[in-house]
Amino acid sequence: MITWMRKFRERRKMKWPLKLITGFSILGFMVYNHRRCCYEYYNREWCIKLATVEDAEKAFHQFLDGIAVELRHIILEQLITRLTEIKTWFTIQRLYKFIGSSILIVYEGDSEQIKSATNTSDSHERYLKQTDTVADLNIIQRPALKKGCQQELCSNSTLVETRIIDTAHVFASSDVDSNYMFGLENVISIVEKMQKNLYK
């Protein structure tokens with residue numbers, strides 16, 4: 001098993017150069033372009049070219065480019081909270097080691113969808129389940145909120161969801177999953193840097 005895991009990591013590092021530096025790779029995402037009224041897709045071929053921390057930061061900026069400037073601090077704050085919750089779990093748990101898993105990030109910006117989703121907790125759950133079936137991408141973005149709905153919806157709504165996916169290679173372990181933690185902490189660091197830059 002150890003030999004197989006080592007070979008698996010080596011293949012992943014050769015294919016995804018960003019992972020060598022940051023401990024994570026971006027496999028793909030889509031962003032809604034409000035000027036063209038359509039989604040823009042960034043596939044695996046585009047993401048493989050990401051090789052530095054600066055490249056990763058640019059990719060996250062590209063991911064958030066479709067959201068209104070006045071909403072970005074809300075999205076970033078909730079994203080940091082969700083990622084920190086995952087980090088807290090990995091800090092505590094001593095049961096599993098995750099190899100090659102992903103974190104799916106979804107943020108909602110469609111005011112009509114949020115209005116219908118926040119009417120009841122049941123409808124909110126149904127909406128989340130629908131959103132999770134959009135595609136097996138690592139990062140998914142939805143259209144932005146209209147300005148008139150920000151005050152009403154953002155204070156009580158969850159605009160960001162994160163889910164651990166691609167868990168086919170999970171092994172029993174009594175140690176801290178330092179490999180997973182390294183990549184996750186670097187993701188959080190990039191998002192926190194983006195949040196700080198909003199106030200400069």
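Predicted model: local features only at pLDDT ≥ 70, side-chain atom pairs only at ≥ 80, totals over all residues.
User: Which residues does Arg-82 touch, not counting residues up to four places away in sequence?
Analyst: Arg-82 lies in helix H5. With residues up to four places away in sequence not counted, the residues touched by Arg-82 are Thr-158, Val-160 and Thr-162.

User: Is Glu-57 buried or exposed?
Analyst: Glu-57 is part of helix H4. Apart from residues up to four places away in sequence, Glu-57 touches Ile-190 and Lys-193. Its relative accessible area is 17%. That value falls under the 20% cut-off, so Glu-57 is buried.

User: How is Arg-72 classed by its relative accessible area?
Analyst: Arg-72 is found in helix H5. Its relative accessible area is 21%. Buried requires under 20% and exposed requires over 50%, so Arg-72 is partly exposed.

User: What separates the C-alpha atoms of Arg-72 and Gln-195?
Analyst: Leaving aside neighbours within four places in sequence, Arg-72 is in contact with Leu-64, Asp-65, Ile-67 and Leu-198. Along the chain, Arg-72 and Gln-195 are 123 residues apart. The separation of their C-alpha atoms is 8.2 Å.

User: Which element gives the most residues to the largest nonpolar core?
Analyst: The largest nonpolar core has 39 residues, and Phe-24, Ile-26, Phe-60 and Leu-83 have the most contacts inside it. Two or more residues of this core come from each of S1, helix H4 (53-63), helix H5 (69-92), strand S4 (102-107) and helix H9 (178-197). With 9 residues, the element that gives the most is H5.

User: What is the bridge partner of Ser-102 in S6?
Analyst: S4 pairs with strand S6 (residues 160-165) in the antiparallel sense, over 6 bridges. In that pairing, the partner of Ser-102 is Ile-165.

User: Which residue in S2 stands opposite Val-31?
Analyst: Strand S1 (residues 29-33) and strand S2 (residues 38-42) run antiparallel and are joined by 5 bridges. They form a hairpin, with 4 residues between them. The residue that stands opposite Val-31 is Glu-40.

User: What is the phi of Cys-37?
Analyst: Cys-37 is found in the loop between S1 and S2. At 55% relative accessible area it passes the cut-off of over 50%, so Cys-37 is exposed. Its phi is positive although the residue is not glycine, with a value near 55 degrees.

User: How is Asp-166 classed by relative accessibility?
Analyst: Asp-166 is placed in the loop between S6 and strand S7 (170-172). Its phi is near 55 degrees, again positive in a residue other than glycine. Its relative accessibility is 41%. This lies between the limits of 20% and 50%, so Asp-166 is partly exposed.

User: What accessible area do Leu-20, Ile-21 and Val-53 have together?
Analyst: Leu-20 is found in helix H2 (residues 17-22). Its relative accessibility is 54%, so Leu-20 counts as exposed. With Ile-21 and Val-53 it forms a nonpolar patch on the surface, and their accessible area together is about 250 Å².

User: What share of the accessible surface of the protein belongs to carbon and sulfur atoms?
Analyst: The protein has 200 residues, 44% of them buried. Its accessible surface comes to about 11,400 Å². The share that belongs to carbon and sulfur atoms is 52%.

User: Among contacts between residues at least 6 apart in sequence, what share joins residues at least 24 apart?
Analyst: The secondary structure comes to 9 helices and 7 strands. Among contacts between residues at least 6 apart in sequence, the share that joins residues at least 24 apart is 81%.

Note on methods
Residues numbered from 1 in each chain as written. Heavy atoms only, no water. Pairing = 2+ DSSP bridges. Core = buried A, V, L, I, M, F, W, Y, C linked by side-chain atoms within 4.5 Å. Buried < 20%, exposed > 50% of the residue type's maximum accessible area, 1.4 Å probe, protein only. Patch = residues over 30% accessible without salt bridge, like charges linked within 9 Å, V, L, I, M, F, W, Y side chains within 5 Å. Areas by Shrake-Rupley, 256 points an atom, 1.4 Å probe, with all protein chains shown as cover. Salt bridge = Lys/Arg side-chain N within 4 Å of Asp/Glu carboxyl O. Contact = heavy atoms within 4.5 Å.
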